[in-house]
Amino acid sequence: MAKKKKSSPYLAVALTLCVAAVGLAVAIAVLAISETALPPVEESSSQGVTEESDPSADESIEESVEESIAESSAPSAESSEAEISLPEESTEESVPEPEPGLGGEIPQLGSTREYESYIGLRYSVDLVQFEKYIDPENASEYLLLVSPKAPLGKDYVPDDLIYIEDMRAGRPSYYSYLREYAEKALEAFLDEAAMYGHGDIKVSNGYRSYSVQSTLFNNYLADERARHPDWTEERIYALVATYSNPPGTSEHQSGLCVDMHNQIDTNNTFDGTPAAIWLEENCYRFGFVLRYPPDKQDVTGIKYESWHFRYVGRTAATEMHELGMCLEEYLAYKGLN
Ligand SMILES: [Zn+2]
């Protein structure tokens with residue numbers, strides 16, 4: 001009996017501590033839940049420009065953007081994405097960063113939840129109908145390299161081209177197709193972008209046939225000849241080749257890449273806008289890469305293009321993201337070229 005009487009105060013203290021601990025745990029859980037709320041809508045980069053009335057004006061956007069090549073470094077601003085918070089932790093460092101390049105096995109097909117845990121970021125869109133396109137089973141098929149050093153033949157035409165749903169209004173129909181898997185993955189990517197406040201991003205160029213590229217290139221040659229009547233043909237060709245790909249060397253012929261942006265006024269650049277930064281930071285989750293990053297110009301041979309995204313499938317895109325590699329480097333790293 002004496003023992004019981006003695007233990008009572010200790011029991012009371014222990015109970016009080018338990019209640020306090022539970023209270024703290026609840027408070028931490030509430031905090032964690034509030035941090036995983038839907039992504040906040042970011043400010044649109046609309047600069048108050050008027051709706052274009054001449055669809056052809058858009059065609060020159062690549063030129064104008066290319067002419068104002070920004071030497072700025074890759075956008076690195078942190079966007080406020082919904083991070084997965086572990087319930088027992090309330091501090092911001094709740095999700096461990098994957099080891100760059102050593103991240104182990106990237107979860108494959110049909111394991112989106114595992115993938116989300118792996119990268120420490122959750123999808124906002126429902127991926128059920130898009131999963132198999134974002135993370136293709138026959139992934140190597142989508143690693144095709146097309147470049148001035150690795151041109152495609154005149155007859156290369158993908159046999160699974162479909163219409164791009166998020167096409168910019170007024171664009172010619174011959175720019176409006178993409179290979180099926182890339183197009184479906186793009187739909188999910190742009191749905192997600194819209195949930196983060198970037199619903200105005202549209203595609204201006206998709207698949208481009210050899211003959212369309214040929215026409216484009218020849219038009220540029222004609223323009224430059226008119227501008228520089230005293231130049232040799234070699235010099236004219238070399239100049240045009242710095243901003244347009246000769247037929248066969250444009251990645252657009254693969255049907256695996258798009259140009260997309262949210263600019264209406266062709267004098268505006270896309271680079272550095274909130275939408276451009278968001279696309280670059282999130283493309284890998286949907287199987288895309290920014291194909292011509294500013295710090296890889298010496299490897300790709302192409303100037304930085306903030307609007308050009310290439311589909312490679314999620315596993316490759318995630319590895320490239322982790323390794324900081326462009327496609328050329330990645331293929332060499334994997335022994336695939
Ligand atoms: Zn492009």
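User: Hi! Which residues does phenylalanine 288 touch, not counting residues up to four places away in sequence?
Analyst: Hello! Phenylalanine 288 touches Ala182, Ala185, Leu186, Phe189, Cys283, Phe309, Arg310, Tyr311 and Ala317, with residues up to four places away in sequence left out. Contact here means heavy atoms within 4.5 Å. Bear in mind that this is a predicted model, where local features need pLDDT of at least 70 and side-chain atom pairs count only at pLDDT 80 or more, while totals for chains, interfaces and linings use all residues. Residues are numbered from 1 along each chain as its sequence is written, and side-chain values use heavy atoms, with hydrogens and water left out.

User: Thanks. What about the largest nonpolar core, how many residues has it?
Analyst: The largest nonpolar core has 60 residues. Those with the most contacts inside it are Leu186, Phe189, Met260, Leu279, Phe286 and Phe288. A nonpolar core is a set of buried Ala, Val, Leu, Ile, Met, Phe, Trp, Tyr and Cys residues joined through side-chain atoms within 4.5 Å. Buried means under 20% relative accessible area, exposed over 50%, and partly exposed in between, with a 1.4 Å probe and protein chains only.

User: And which helix gives the most to this core?
Analyst: That is α6, residues 180–195, with eight residues in the core. Helices (H or I, at least four residues) and strands (E, at least two) are DSSP runs, numbered from the N terminus.

User: How far does α6 reach from its first C-alpha to its last?
Analyst: α6 has 16 residues and reaches 23 Å, close to the 22 Å expected at 1.5 Å a residue. That expected span is 1.5 Å times one less than the number of residues. The buried residues of α6 include Tyr181, Glu183, Leu186, Glu187, Phe189 and Glu192. Just after α6, glycine 197 takes a positive phi of about 95 degrees.

User: How many residues of α9 are buried, and what covers them?
Analyst: Eight of the nine residues of α9 are buried. The cover includes α6, β4, β5 and β6 (308–311).

User: Changing topic: which residues are the protein donors of the zinc ion?
Analyst: They are His252 (NE2), Asp259 (OD) and His308 (ND1), lying 2.0 to 2.1 Å from the zinc ion. Donors are N, O and S atoms within 2.8 Å of the metal (3.2 Å for Na, K and Ca), and water is not among the atoms, so sites may look incomplete. Along the chain, the zinc donors follow the spacing H-x6-D-x48-H. Histidine 252 and aspartate 259 are buried.

User: Is glutamine 253 buried or exposed?
Analyst: Glutamine 253 is buried, with a relative accessible area of 1%. Glutamine 253 lies in the loop between α8 (233–241) and β4. A polar atom of the glutamine 253 side chain lies 2.9 Å from the backbone oxygen of glycine 153 and one lies 3.2 Å from the backbone oxygen of tyrosine 156. The C-alpha atoms of glutamine 253 and proline 158, 95 residues apart along the chain, are separated by 8.4 Å.

User: And which polar contacts does the side chain of asparagine 262 make?
Analyst: There is a polar contact with the side chain of aspartate 200 at 3.5 Å, and another of 2.8 Å with the side chain of glutamine 263. A polar contact is a pair of N or O atoms within 3.5 Å; within protein, one must be able to donate a hydrogen and the other to accept it, and residues adjacent in sequence count only if both atoms are side-chain atoms. Asparagine 262 is in the loop between β4 (257–261) and α9 (274–282), and counts as buried at 10% relative accessibility.

User: Last one: how many helices and strands has the protein?
Analyst: The protein has 12 helices and six strands. Of its 337 residues, 47% count as buried.
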